[in-house]
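Please work through each task before reading its solution.

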Amino acid sequence: MLFTKGEIDLGCDGHVHTKFCHHATGEMEEYVEAALACGLREIIFLEHFEAGINYDMGATWLTADEFVFYQGECRRLDQKYGERIRVGAGVEIGLNPQGLAEIRDFINGHSWARVGLSYHYFEEDGEHINMLSRRQENIKRFAAIGHEKVLTRYFSDMLVAVKELQVDVVCHLDAPLRYSQGVEFVAEHWYLIDEILAEMVRKKIALEINTSGFAVRGESFPAEAIIDRAQRRGLMFVAGSDAHRPQDVGRFFDRLKR
Ligand SMILES: [Zn+2]
Ligand SMILES: [Zn+2]
């Protein structure tokens, strides 16, 4: 799953969070300093947007006001550091299949350095459960629903989203249920993954190589088998650390080099 020079830009960390999402720490400026310290040319903050999510364990996304402040801070940092490193304001769109219109309005209502597409919350009986959470209560609920069913809906909805939305990158494609035991993809999942990759080629959407996976499971998100398929189709790749603290900016990027 290694990349040759030119296949991926390892001088840019394109997926970095801030304290505004309520589960990251550190000042934005500290993330920029950390990016400089590891020799990056560009850092793109990619903060969480969610539409219509009903989750009572605390919001993991920004409010409209927080987004205004966040974008202002990105601009200030870009001006301050611009000669040494580029600082971009991006957004990590959390998919809600019921919220496509609201998502579209949000994307179009601002100018973004990068629009990433993720899918965090699985809906059941009007409630949302976080597919990327390590909380035992979430893990148990997914086991009760059935991993296969959860993943089938995840990949089918992602396929609709890459067709319906204008995004630049698909983030951590195989990260859902990452903390559940015994998760395996079945033929239907692989079929949907192939359809998603084909649509991404058509729309020139890049595949994110999310290096947080090295910390969670010793391999990036997505895993090698998906990256192989993407490489065979000629997809574009971008790298992102998914840092939720300054010291994680650019983490494990060296493991992506051939
Ligand atoms: Zn996050
Ligand atoms: Zn993220």
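The exercises and their worked solutions follow.

The model is predicted: local features need pLDDT of at least 70, side-chain atom pairs count only at pLDDT 80 or more, and totals for chains, interfaces and linings use all residues. Residues are numbered from 1 along each chain as its sequence is written, and chains are lettered from A and ligands numbered from 1 in the order in which they are written.

**Exercise 1.** Determine whether strand S9 (residues 206-210) is enclosed or open.

Solution. Strands are DSSP runs (E, at least two residues), helices H or I runs of at least four, numbered from the N terminus. A residue is buried if 20 or more other C-beta atoms, placed from the backbone, lie within 10 Å of its own. On one side of S9, Ala206, Glu208 and Asn210 are buried, as are Leu207 and Ile209 on the other. Because five of the five residues are buried, S9 is largely enclosed by the rest of the structure.

**Exercise 2.** Identify the strands that pair with S9.

Solution. Pairing requires at least two DSSP bridges between two strands. Strand S8 (residues 169-170) pairs with S9 in the parallel sense over two bridges, with Val169 opposite Ala206. Strand S10 (residues 237-240) runs parallel to S9 and is joined to it by four bridges; here Leu207 stands opposite Phe237.

**Exercise 3.** Describe the packing of helix H6 against helix H8 (residues 224-233).

Solution. Their axes, lines fitted to C-alpha atoms over the stretch in contact, lie 10 Å apart at an angle of about 35°, the angle being taken between N-to-C directions on a scale from 0 to 180 degrees.

How values were computed:
Buried ≥ 20, exposed ≤ 12 C-beta atoms within 10 Å, placed from the backbone.
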